[in-house]
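Subject: Structure handover and notes

Dear colleague,

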Amino acid sequence: VQLVESGGGLVQAGGSLRLSCATSGRTFSPMGWFRQAPGKEREFVAGINWSGSSTAYADSVKGRFTISRDTAKKTLDLQMNSLKPEDTAVYYCAARRSGLVTASYTSYDYWGQGTQVTVSS
């Protein structure tokens, strides 16, 4: 089982980035994106169930970020618009073997290696 993120980078405030997570081995439900800034705890960003019919977002990203998945391609995406310097962090893709979308990172069974997102002011 592998989760591999891509798409991070450096962007100016107000810009956009799209993160992708490629999965292998099995189909997960649900999946989510988390982030961790230096000196801070890992925090929930967004989550989605298997069919994509149910999504959840942290208040700090609502209206700016969109999570989506392609079950046929086994990919998970995070479209990030109107980026702010406080969005700077390492972003992680995560998956649960089963269950519902949750913001608790301890409930996720598999993790990617992370991709750095840096937003300059």
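The notes below take up the core, the residues around it, some loop positions and the cavity.

This is a predicted model, in which local features need pLDDT of at least 70 and side-chain atom pairs count only at pLDDT 80 or more, while totals for chains, interfaces and linings use all residues. Residues are numbered from 1 along each chain as its sequence is written, and side-chain values use heavy atoms, with hydrogens and water left out.

The core

The largest nonpolar core holds 26 residues, and those with the most contacts inside it are W33, L78, M80 and Y91. A nonpolar core here is a set of buried Ala, Val, Leu, Ile, Met, Phe, Trp, Tyr and Cys residues joined through side-chain atoms within 4.5 Å. Two or more residues of this core come from each of β3 (17–24) and β4 (31–36), and likewise from β5 (43–48), β7 (65–70), β8 (75–80), β9 (89–95) and β11 (115–120); β9 gives the most, with four residues. Strands (E, at least two residues) are DSSP runs numbered from the N terminus, as are helices (H or I, at least four residues).

M80, one of the core residues with the most contacts, touches G15, S16, L17, L19, R64, F65, Y91 and V117, not counting residues up to four places away in sequence. Contact means heavy atoms within 4.5 Å.

L17 is found in strand β3 and counts as buried because its relative accessible area is 15%, where buried means under 20%, exposed over 50% and partly exposed in between (1.4 Å probe, protein chains only). With residues up to four places away in sequence left out, L17 touches G7, G9, V11, L78, Q79, M80, L83 and V117.

L83 is placed in the loop between β8 and β9, and with a relative accessibility of 2% it counts as buried. Its contacts, again without residues up to four places away in sequence, are V11, A13, G14, G15, S16, L17, R64, F65 and V119. Between L83 and V117 there are 9.9 Å from C-alpha to C-alpha, at a sequence separation of 34 residues.

Loop positions S29 and N49

S29 lies in the loop between β3 and β4, and N49 in the loop between β5 and β6 (55–57). S29 counts as buried because its relative accessibility is 19%, and N49 likewise counts as buried at 19%. Leaving aside neighbours within four places in sequence, S29 is in contact with N49, W50, R69, R96, R97, S98 and G99, whereas N49 is in contact with S29, P30, S54, R69 and V101.

Positive phi and an exposed loop residue

K74 is not a glycine, but has a positive phi of about 60°; K74 lies in the loop between β7 and β8 and counts as partly exposed at 31% relative accessibility. S82, in the loop between β8 and β9, also has a positive phi, of about 50°, although it is not a glycine, and at 42% relative accessibility S82 counts as partly exposed.

A72 is likewise in the loop between β7 and β8, and A72 is exposed, with a relative accessible area of 71%. A72 and T27 stand 45 residues apart in sequence and 9.2 Å apart in space, C-alpha to C-alpha.

The cavity

There is one cavity of 30 Å³ or more, and about 50 Å³ of space lies in the largest cavity. On a 1 Å grid over the protein atoms alone, a cavity is a set of points where a 1.4 Å probe fits but cannot get out, and lining residues have an atom within 4 Å of a point; the points are joined across faces, edges and corners, and the volume is the space filled by probe spheres set on them. The lining of the largest cavity consists of T23, R26, T27, F28, M31, R69, D70, T71, K74 and T75. By class, this lining has two nonpolar, four polar and four charged residues, with Ala, Val, Leu, Ile, Met, Phe, Trp, Tyr, Cys and Pro counted as nonpolar, Asp, Glu, Lys and Arg as charged, and the others, Gly among them, as polar.

With best regards

How values were computed:
On a 1 Å grid over the protein atoms alone, a cavity is a set of points where a 1.4 Å probe fits but cannot get out, and a pocket is an open set with protein on both sides within 12 Å along at least five of seven lines; lining residues have an atom within 4 Å of a point.
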